Amino acid sequence: GIPTIPTQVFLNQDASRIHWPSGVATETLTGSHSFHDQAERSFVVKPRFGAGCTNVRCLRATDFTGGRMDAAVHDSGHLIVQPWISGTPCSIGFIGGGQVRSTVTLPPGQQLIRQTGTCLSYHGGIIPCSPPFADVISPLAEALMQALGAFHGYVGADLIVDPDSSVPVRVVEVNPRLCTS
């Protein structure tokens, strides 16, 4: 019941086979953008075990077959590919106390991510994020905390937030470690 971004995992050499089912609504895949065909869609491509936007790229579908894929992402292992979703990148952290103590939810933060050409880069964050973002993150944070169950240590979640969207917040990924932000 937690909104997420559709995700595919590929080995780098298999990335040319990325395809999103036609049964998934365009607005689900692309946020507020309206694309007429698969080739116009933008995707985020990142290393499966990356952090801090290192080797994260935003590419169009045509880039996957035009030879730019291998040059864009320097990772010989698994890649995560997600459709580009418009919104503000944010994050939320949790500190788990296992079965003995309740989980603490940290204040949500806004991530400062820039795009230069196809490259995305992380430039710090703002904690806490502004009220319009925090207000829509709060219910999702509660649902995510319940879904995580009891755990020890730190778990962080990266989010895309658009308070004006029909789905105002989506989970990009959950990290069982401290997040860069």
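Q: In what order do the elements of the chain run from the N terminus on?
A: They go β-α-β-β-α-α-β-β-β-β-β-α-β-β. That gives four helices and 10 strands. Keep in mind that this is a predicted model.

Q: OK, and how much of the chain is buried?
A: Buried residues are 41% of the 181 in the chain.

Q: What about the accessible surface, how many Å² is that?
A: About 9,400 Å², and carbon and sulfur atoms account for 54% of it.

Q: Back to the inside. Which residues touch the most other members of the largest nonpolar core?
A: Ile92, Phe94, Ile137, Leu159 and Val161 do, in a core of 18 residues. At least two residues each come from β5 (88-97), α4 (131-148), β9 (152-161) and β10 (169-175).

Q: Which of those gives the most?
A: α4, with seven residues.

Q: Is there a second core, or what else is in there?
A: There is a separate one of six residues, including Phe10, Phe43, Leu79 and Val81.

Q: Let's stay with α4. Which of its residues are buried?
A: Phe133, Val136, Ile137, Leu140, Ala141, Leu144 and Met145.

Q: Why would the numbers jump by three or four like that?
A: An α-helix has 3.6 residues a turn, so residues three or four places apart point the same way.

Q: And what do the buried residues of α4 pack against?
A: Against five strands by name: β5, β6, β7 (109-116), β9 and β10.

Q: Straight or bent, that helix?
A: α4 bends by about 30° at Ile137, with a proline, Pro139, following within four residues. Its end C-alpha atoms are still 25 Å apart, which agrees with the 26 Å that 18 residues should span at 1.5 Å a residue.

Q: What comes after α4?
A: Gly149, and its phi is positive, near 70°.

Q: Switching topic: how do β5 and β6 run, parallel or antiparallel?
A: Antiparallel, with three bridges joining β5 to β6 (residues 101-105). They form a hairpin with three residues between the strands, and Gly98 in the turn has a positive phi of about 70°.

Q: Which residue of β6 does Phe94 stand opposite?
A: Thr105. Phe94 is also one of the core residues that touch the most other members.

Q: Last one: what does Leu159 touch?
A: Leaving out residues up to four places away in sequence, its contacts include Thr88, Pro89, Cys90, Ser91 and Ile92. Leu159 also touches Ile137 and Leu140, plus Val169, Arg170, Val171 and Val172.

Notes. Residues are numbered from 1 along each chain as its sequence is written. This is a predicted model: local features need pLDDT of at least 70, side-chain atom pairs count only at pLDDT 80 or more; totals for chains, interfaces and linings use all residues. Side-chain values use heavy atoms; hydrogens and water are left out. A nonpolar core is a set of buried Ala, Val, Leu, Ile, Met, Phe, Trp, Tyr and Cys residues joined through side-chain atoms within 4.5 Å. Buried means under 20% relative accessible area, exposed over 50%, partly exposed in between (1.4 Å probe, protein chains only). Contact means heavy atoms within 4.5 Å. Accessible areas come from the Shrake-Rupley method with a 1.4 Å probe; for residues, only the protein chains shown count as cover. Two strands pair if DSSP finds at least two bridges between them. The expected span of a helix is 1.5 Å times one less than its number of residues. The bend at a residue is the angle between axes fitted to the seven residues ending there and the seven starting there.
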